[in-house]
Amino acid sequence: MENKKKKNNMYPLLPVRDIVILPYMLVPLAVGRRRSINALRKAVSSKNELVIVAQKDIYEENPGKSGLYSTGVLAGIVQVLDLPDGSLRVLVEGEKRVRIGRFFDRDEYVEVAVEDINETSGGVPELRLKAMMRNITDLFEEYAKFNTNVDSASHAILDEVTDPGKLADIITGHIKLKKDQAQELLEESAPLERLGKLSVILKKEIEILNIKNEIDGKVRKQIGKSQKEQYLSEQMKAIKQELLGKEAKDTEILEFQDKINKANMSEEAREQALKELGRMEKMIPFSPEATVVRTYLDWLIKLPWSRKTPNNIDLKKAEKILEKEHYGLCEAKERILEYLAVSKLSRKLKTPILCFVGPPGTGKTSFGRSIAHALGRKFTRVSLGGIRDEAEIRGHRRTYIGSMPGRIIQSITKAESRNPVFLMDEIDKMGKDFRGDPASALLEALDPEQNRNFNDHYMEVDFDLTDVMFITTANTVSSIPPAMLDRMEIIEFPGYTRDEKINIAEKFLIPKQMNENGLKSGNFSMGKKQVGFIIDNYTREAGVRNLEREIAKALRKVAKKIASGGTRKIILTNANLAKNLGIPKYSYFRARKNSVGIAAGLSWTQNGGESLSIEVSIMPGEGKLNLTGTLGDVMKESAQTALSYIRANAGEFGLKNDFYKDKDIHVHVPSGAVPKEGPSAGITICTALLSVLLSKPVRRNVVMTGEITLSGNVLEIGGFKEKILAAHRDGFKTVIFPSDNRKNMDEIPDNIKKNLDLIPVRNFKEVVEYVF
């Protein structure tokens, strides 16, 4: 089929901003631009036809040839109406596709030469053409079902159309397309290709409209359900009011009112609860808002506003409980008994806020539980390790979905008492990020002067925490913010001595594991020597957690043999313990002989004290000092300070003043993969350096600790008790330590003092008298 027209006809040009007009489309246009009005009047006065082309940029006021698409439509003018503001309203009908040629600027308007675009079906079989026309008609009818804006009369028109190109153009005029889609269909001259592109567009539109209708249906259904619920709710209220002759309240509302009255809330909390209850009464019972208010009221009612447990102020009974449940820990026990004694004499005592600081496994958490038992109070615990969100402490505001009170309010509610023993575990392991600083949020709760009016973000009312006994635990105070540390009373939980561990094992750990493994005292025997064997060879810790684990392992082996019927009683010896527990895991440093350039020192770790060796060797060189063994900056500086002290006092030690110029010195601390830091190895490094320079061996049974200065003074160190315990455990006979640490001697058990020669020194020259 061909539709041939004359070529290179001249017509006035009418650019349009945001619409693409196709043949057979009847479109009203508002014409306001001066040159467009002139072009329209010229068309009316001549052929009553003009060329309409879409412009690429809708904001361009006077587009040129480059600003217009090259394909437009020749349109006939059906009607023109002059408007009062000088603009025109025109009704045009697209007639045929044209390709824009030359532009002619006539001052008042633009005229263009156009070339007709021939439409050819390209020899497509008639049956295929009819099939495609029927397919596009069916798709349009399906589209019309979803789109109520499509005129029903258009279906009858389509049935009479036999030209595929005309069919595509008519359907295009009845669907809502984007500008670029319509322009693409206008530029497509082959009717079959146009039908194919239009088919794809229609299928996408039908799918979108189908989803939209599905969503609209769900929304209408939900709205209808809500309206129905509200209507029925109002009807129920009206019926109750009619039957009872007064305002009838819902059973749930009455229950909440009764609970609020019985909760003994503060005046502020009661007002807030009644206010929220009034809001809830006006809501649809099962609406999301009502559920939020219901949850909030539940939290308010469950809080123990007035419920508290009476203190056990029987000092002897409390002391007996503490002694029964924990071995040692004299300072912590004494502090709790002091609190009870003052509580008995005075009612105005503020509850202390304690911080138990010590290595893992020393009984900090379990001692908190024992305190609650001794005081006769409820116990609640929350772990703060890894918390980074402030809302975990103070709660989320109720504007957030799924909001809840913070951990403090949750734990007190769980305890069902306003004066529990509240243990905050691992307080030194809190972090902070963009969500806030939980440590700062804790400051109010841990301050006796402020926690009377603790305000949780979720509850929005004050709660009195003054009766709560807060206990926190930490492995070290270095990572606790100073402001928080200032609010707490620090109680040290030092590492246990070997004898203390043996006693703890006999009194607590072995009976506990016997019970857990189903054993009786007649099934096995384990003496102090065997417990000591486990401590020396299978544990390296300040506490007893790993010791309990190894005892449990040994008793499981016993349980297996007894259950299998092999024997009735097993005597545990060092030999069969080694067989049951495997190869020993640890061996402690012990110098085998007096050695040149090797000195023994003491260090502190979170697992307690440890002994270490420091080795020094010299070789020909240029006076360099090499330091190895994964040393921190402070320890490296200690080594440099020690060498500088020896150089400055070379004459006193019998050395040449330039002894270092032709020698390189290498200082190494074994266990190279383990990071080491701190200044307390200063005198040990200095001793090893002097030993190798003088070729004098260091006594193998001497161990030392202390920071050295450039003048040779020996300064105070930390972790004194743990280091002394490590020296005793590792078999040393003499310990050299700073004179300023004499004040810590009371911490050392008497049996250890008897077995060690403890030598305080103020200057390194005193050290020299004992080490060589």
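Student: In which helix is lysine 203 found?
Tutor: The model is a predicted one. In it, the helix that holds lysine 203 runs over residues 191-244. That element is helix 6.

Student: Does lysine 203 count as buried, partly exposed or exposed, and why?
Tutor: Buried means under 20% relative accessible area and exposed means over 50%, with partly exposed in between. Lysine 203 has a relative accessibility of 49%.

Student: What separates the C-alpha atoms of lysine 203 and tyrosine 143?
Tutor: Along the chain, lysine 203 and tyrosine 143 are 60 residues apart.

Student: Of the contacts in the protein between residues at least 6 apart in sequence, what percentage join residues at least 24 apart?
Tutor: A contact here means heavy atoms within 4.5 Å. Among those between residues at least 6 apart in sequence, the share joining residues at least 24 apart is 74%.

Student: What radius of gyration does the protein have, against that of a compact globule of 772 residues?
Tutor: For a compact globule of 772 residues, the radius of gyration would be near 28 Å. The C-alpha trace of the protein spans about 125 × 95 × 65 Å along its principal axes. The radius of gyration of the protein is 46 Å.

Student: How many Å apart are the mean positions of the positive and negative charges of the protein?
Tutor: The protein has 120 positive and 106 negative charges. Taking the mean position of each set, the distance between them is 7 Å.

Methods
Residues are numbered from 1 along each chain as its sequence is written. This is a predicted model: local features need pLDDT of at least 70, side-chain atom pairs count only at pLDDT 80 or more; totals for chains, interfaces and linings use all residues. Side-chain values use heavy atoms; hydrogens and water are left out. The radius of gyration is taken over C-alpha atoms; the globule rule is 2.2 Å times the number of residues to the power 0.38. Lys and Arg count as positive and Asp and Glu as negative; His and the chain ends are not counted. The place of a charge is taken as NZ of Lys, CZ of Arg, CG of Asp or CD of Glu. Helices (H or I, at least four residues) and strands (E, at least two) are DSSP runs, numbered from the N terminus. Buried means under 20% relative accessible area, exposed over 50%, partly exposed in between (1.4 Å probe, protein chains only).
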